[in-house]
Amino acid sequence: FEVFGYDLLLDSKLRVWLIEVNASPSMGQEHLLDEQVKQPLISDTIDLVEPLEFDRRAFTEVLQRRLERKASNVGRQQLDIDLHAVLGGKLPRRVGEKPARMGNYEQIAPSEAFDVVSR
């Protein structure tokens with residue numbers, strides 16, 4: 001995933017102008033406004049991504065074993081076993097499956113409105 005930063009300018013007629021888009025915006029929180037904007041953004045993003053807890057020891061063991069064997073012929077069954085060990089039996093969200101919590105994010109695609117605009 002990526003978080004983009006949009007720099008906007010509001011003129012005297014309350015028109016919004018896009019100044020630039022930052023592919024790697026600062027998450028620094030030197031000022032109160034930074035904290036008020038970025039803390040909820042970070043929290044909502046983590047909720048949206050839903051990173052799974054994993055067993056670091058199991059992950060290290062899997063990586064070590066694969067490095068030792070050059071991992072050239074790892075079959076699907078072994079990959080499933082390794083994934084189960086590392087993730088403690090939990091499964092990641094499927095592609096296209098909506099996250100349980102979206103915070104202040106709003107899904108815009110795919111949607112009926114997106115379909116109309118993209119035609």
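Figure 1. D11 is buried, with a relative accessible area of 19%, in a model that is predicted rather than determined by experiment. A relative accessible area under 20% counts as buried, and D11 therefore falls within that class at 19%. The residue belongs to the loop that joins β1 (5-10) and β2 (16-22). Two contacts of the D11 side chain are shown. One reaches the backbone nitrogen of K13 at 2.9 Å. The other is a polar contact with the side chain of R15, also at 2.9 Å.

**Figure 2. The nonpolar surface patch on β1 and β2.** Eight side chains are labelled in this view: F4, Y6, L8, L10, L14, V16, L18 and V21 make a nonpolar surface patch of about 860 Å². β1 and β2 are the elements that give two or more residues to this patch. One of its members, L8, is placed in strand β1. L8 counts as exposed because its relative accessibility is 55%, and the class begins over 50%.

**Figure 3. The aromatic pair F54 and F59.** The structure holds one aromatic pair. F54 is partly exposed, with a relative accessible area of 40%. F59 is likewise partly exposed, at 39% relative accessibility.

**Figure 4. L91 in the loop between α3 and α4.** L91 is located in the loop that runs between α3 (76-87) and α4 (112-118). This residue is exposed, with a relative accessible area of 67%. From L91 to Y6, the C-alpha to C-alpha distance is 34 Å, and the two residues are 85 residues apart in sequence. Y6 is one of the residues of the nonpolar surface patch.

**Figure 5. The whole chain as context for the close-up views.** Four helices and two strands make up the secondary structure of the chain. Their order along the sequence is β-β-α-α-α-α. The C-alpha trace spans about 65 × 45 × 25 Å along its principal axes. The radius of gyration of the chain is 21 Å, whereas a compact globule of 119 residues would have one near 14 Å. Of the 119 residues, 13% count as buried; D11 is buried as well.

Notes
Residues are numbered from 1 along each chain as its sequence is written. This is a predicted model: local features need pLDDT of at least 70, side-chain atom pairs count only at pLDDT 80 or more; totals for chains, interfaces and linings use all residues. Side-chain values use heavy atoms; hydrogens and water are left out. Buried means under 20% relative accessible area, exposed over 50%, partly exposed in between (1.4 Å probe, protein chains only). A polar contact is a pair of N or O atoms within 3.5 Å; within protein, one must be able to donate a hydrogen and the other to accept it, and residues adjacent in sequence count only if both atoms are side-chain atoms. Rings of Phe, Tyr and Trp (its six-membered ring) pair if their centres lie within 6.5 Å; planes under 30 degrees apart count as stacked, over 60 as edge-to-face and the rest as tilted. Patches are made of residues with over 30% relative accessible area and no salt bridge: like charges are joined within 9 Å, nonpolar side chains (Val, Leu, Ile, Met, Phe, Trp, Tyr) within 5 Å. Accessible areas come from the Shrake-Rupley method with a 1.4 Å probe; for residues, only the protein chains shown count as cover. A salt bridge is a side-chain nitrogen of Lys or Arg within 4 Å of a carboxyl oxygen of Asp or Glu. The radius of gyration is taken over C-alpha atoms; the globule rule is 2.2 Å times the number of residues to the power 0.38.
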